[in-house]
Amino acid sequence: GDCPICGIPLPLSHDPQTTAMMGCCSKIICPGCNYVHQIRQVEQRLERTCPFCRHPIPKSNEEADKILMKRAEANDQVALQFVGTTRSEEGDIKGAIEYWKKAAAMGDAEAHFRLACLYAPGNGAEEDEKKEIYHLEQAA
């Protein structure tokens with residue numbers, strides 16, 4: 001997709017080093033827009049807010065997780081994919097698959113790709129070449 005603020009194309013995969021995923025609205029913001037917004041907030045001594053929806057930035061990781069889970073429970077495909085990735089990083093493969101399947105059903109290409117990778121030989125889920133190929137085709 002593109003940055004919802006400036007329209008610059010974003011990488012297909014969310015990388016925290018190059019993009020910012022805002023849990024409040026599930027928008028992925030380009031580094032330029034995020035940087036300019038942060039500079040404006042510092043210079044004008046404003047409360048830290050989301051560059052897209054202006055919702056206040058959570059003050060703790062627990063608060064951020066709560067907001068993200070609320071978005072996932074509302075079936076926001078970006079939030080579902082992000083929660084799935086978090087579960088995978090924590091070692092909860094079954095939980096990751098559950099969230100990625102929901103996001104993939106809504107057309108999320110990254111969720112399809114991550115599912116395809118899991119179904120490949122030796123990646124944590126049951127090996128299934130048909131599912132792997134299906135999800136790769138959907139991700140393309």
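Reader: How do you know that Cys6 is too far from the closest cysteine sulfur for a bond?

Author: This is a predicted model, and in it the sulfur of Cys6 sits 3.6 Å from that of Cys33, the closest cysteine sulfur. A disulfide needs the two sulfur atoms within 2.5 Å, so 3.6 Å is too far for a bond.

Reader: And what makes Cys33 a residue in no disulfide?

Author: Again, it comes down to distance. The nearest cysteine sulfur to Cys33 belongs to Cys30, and it is 3.5 Å away. Since the cut-off is 2.5 Å, Cys33 is in no disulfide. Overall, the structure holds zero disulfides.

Reader: Why is Cys33 called buried?

Author: Its relative accessible area is 13%, and buried means under 20%, so Cys33 counts as buried.

Reader: Then why is Cys6 called partly exposed?

Author: Cys6 has a relative accessible area of 44%.

Reader: What makes Ala72, Ile97, Trp100 and Leu115 stand out in the largest nonpolar core?

Author: Out of 17 residues in that core, those four touch the most other members. Helices H2, H3, H4 and H5 each supply at least two residues of this core, with H4 giving the most, six.

Reader: Which residues is Ile97 in contact with, leaving aside its neighbours within four places in sequence?

Author: Those are Leu115, Leu118, Tyr119 and Ala125. Apart from this core lies another, of 10 residues, and Cys30 and Cys33 are among them, along with Leu10 and Met22.

Terms used: Residues numbered from 1 in each chain as written. Predicted model: local features only at pLDDT ≥ 70, side-chain atom pairs only at ≥ 80, totals over all residues. Heavy atoms only, no water. Core = buried A, V, L, I, M, F, W, Y, C linked by side-chain atoms within 4.5 Å. Buried < 20%, exposed > 50% of the residue type's maximum accessible area, 1.4 Å probe, protein only. Helix = DSSP H or I, 4+ residues; strand = E, 2+ residues; numbered from the N terminus. Contact = heavy atoms within 4.5 Å.
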